[in-house]
Amino acid sequence: MTVQDAAEFTLTDEEHALLPSDEDVAAYAEHGWYLSKKLFTDEETDLLVSASERFYGGHRDRRLPVRPPRLAYWEPADGPVQRHNDYIHYEDETIGRVLRKPLLGAVAARLARAEAIRVFQSTLIYKPPVAGEPSNVVPWHFDRHYWATSTSERMLTAFIPFHDCDEEMGTITMVDGSHRWRETASNDATSLHFAERDRGELEAMLEENARYNGVRVRKVPMRIPRGHVSFHHCRTYHGSGPNVSDRPRRAVSLHLQDTENRYRAFTRSDGAPVSYNHDVLVRRTADGEPDYGDPEFLPLLWSSR
């Protein structure tokens with residue numbers, strides 16, 4: 001790391017005060033989620049709103065060189081459904097610059113007990129204020145299921161709303177402590193995204209896993225003040241309900257990886273190989289495998305080295 005890089009990953013005294021305490025890190029390890037202090041200023045969240053509106057209006061600073069096979073990418077022709085747009089940190093420089101705030105990475109590194117954190121994926125989300133819109137309900141799932149080609153068990157997600165976010169808006173809701181559960185069986189169909197699976201099946205899977213672990217499902221809605229961030233472990237079950245407010249719910253879901261994470265080949269029991277969208281985008285390692293450390297698509301967010 002160069003001197004310039006080292007300066008980039010320096011926090012002010014005020015920012016150090018915003019890091020999770022030892023007690024916070026221990027609680028994250030126990031519960032699988034953490035609600036931060038105020039990490040983003042009002043000016044930064046205003047920027048996220050205005051930049052997202054420009055993005056929805058067609059602005060792009062750059063575009064992905066190829067379109068991955070399972071890319072989530074809302075376009076106006078899709079109508080008033082819940083909008084998901086992957087790789088927003090890559091396609092929009094204003095949003096990407098805000099998301100690359102070193103403080104955010106430093107918080108993630110504390111929680112994951114990692115020396116360094118990279119972006120893994122980012123999705124711009126817009127949940128319209130339509131109470132009966134089916135796409136607004138996100139069924140129970142955990143992110144690690146979709147990252148079968150990753151080696152790390154310390155990956156985590158930062159859910160970043162651009163405003164106050166509560167149950168009325170369909171906030172993200174955690175299943176407390178579920179990251180420590182043993183799963184009932186090795187059902188590798190879970191590597192399919194929740195959008196490709198039956199919601200009732202996913203609800204039943206959650207209840208079945210809870211019974212298998214001898215616990216009850218305890219759902220904790222995240223009430224997130226503007227500028228604060230909700231973090232969750234890659235094995236924490238979570239979902240969200242409808243937006244019954246009169247305002248859209250705007251957010252970014254920022255998936256993060258420790259720099260020890262590597263690509264691994266993964267094949268389902270039916271013989272189908274599993275791939276992640278990165279695999280057609282990122283550079284190759286010396287062994288010819290996708291490089292999950294590619295700085296162009298998966299930039300370094302924080303390093304204490």
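## R250 and its surroundings

Leaving out neighbours within four places in sequence, R250 is in contact (heavy atoms within 4.5 Å) with V49, S52, E53, I125, Y126, I160, P161, F162 and H163. This arginine sits in strand β10, residues 249–258. R250 is buried, at a relative accessible area of 14%. Buried means under 20% relative accessible area, exposed means over 50%, and partly exposed is what falls in between, using a 1.4 Å probe and protein chains only.

A word on the ground rules. This is a predicted model, where local features need pLDDT of at least 70 and side-chain atom pairs count only at pLDDT 80 or more, while totals for chains, interfaces and linings use all residues. Residues are numbered from 1 along each chain as its sequence is written, and side-chain values use heavy atoms, with hydrogens and water left out.

How many of the residues in β10 are buried? Ten of its ten, so to speak a mostly covered strand. In a regular strand, side chains alternate between the two faces of the sheet. In β10, R249, A251, S253, H255 and Q257 point one way, R250, V252, L254, L256 and D258 point the other way, and all of them are buried.

β10 pairs with β3 (residues 116–127) in the antiparallel sense, over ten bridges; strands count as paired if DSSP finds at least two bridges between them. Within that pairing, S122 stands opposite L254 of β10. β5 also runs antiparallel to β10, joined to it by six bridges, and here I160 stands opposite V252. I160 is also one of the residues in contact with R250.

## A four-stranded open sheet

Elsewhere, four antiparallel strands make an open sheet, in the order β4-β9-β6-β7. The edges are β4 (138–141) and β7 (219–221), and each has a single partner strand, so one side of each is left without a neighbour in the sheet. From one strand to the next, the twist averages 25 degrees; axes are lines fitted to C-alpha atoms (for helices, over the stretch in contact), and angles run from 0 to 180 degrees between N-to-C directions.

V138 has S240 of β9 as its bridge partner.

## Salt bridges across the chain

Side chains of opposite charge can pair when their charged atoms come close. The whole structure has 21 salt bridges, each counted when a side-chain nitrogen of Lys or Arg lies within 4 Å of a carboxyl oxygen of Asp or Glu. One of them joins D46 and R226, with the closest N and O atoms 2.7 Å apart. D46 is in helix α4 (residues 42–56) and R226 is in the loop between β7 and β8 (230–233), so the pair ties together parts that are 180 residues apart in sequence. D46 is partly exposed at 45% relative accessibility, and R226 is partly exposed too, at 27%.

E153 and R235 form another salt bridge, at 2.8 Å between the closest N and O atoms. This pair links distant parts of the chain, 82 residues apart: E153 is in the loop between β4 and β5 (156–161), and R235 in the loop between β8 and β9. E153 is partly exposed at 37%, and R235 is partly exposed at 23%. Then there's D176 with R218, meeting in a salt bridge at 3.2 Å, N to O. D176 is in the loop between β6 (172–175) and α8 (199–212), and R218 is in the loop between α8 and β7, so parts 42 residues apart in sequence are tied together. D176 is buried at 16%, whereas R218 is partly exposed at 48%. Salt bridges that share partners also join K38, D42, D46 and R226 into one network.

## A buried lysine

Is K101 buried or exposed? K101 is buried, with a relative accessible area of 14%. It's found in the loop between α6 (93–99) and α7 (102–112).

The K101 side chain reaches the backbone oxygen of L39 at 2.7 Å. Not counting residues up to four places away in sequence, K101 touches E15, L39, F40, T41, E44 and L301.

Methods: Helices (H or I, at least four residues) and strands (E, at least two) are DSSP runs, numbered from the N terminus. A polar contact is a pair of N or O atoms within 3.5 Å; within protein, one must be able to donate a hydrogen and the other to accept it, and residues adjacent in sequence count only if both atoms are side-chain atoms.
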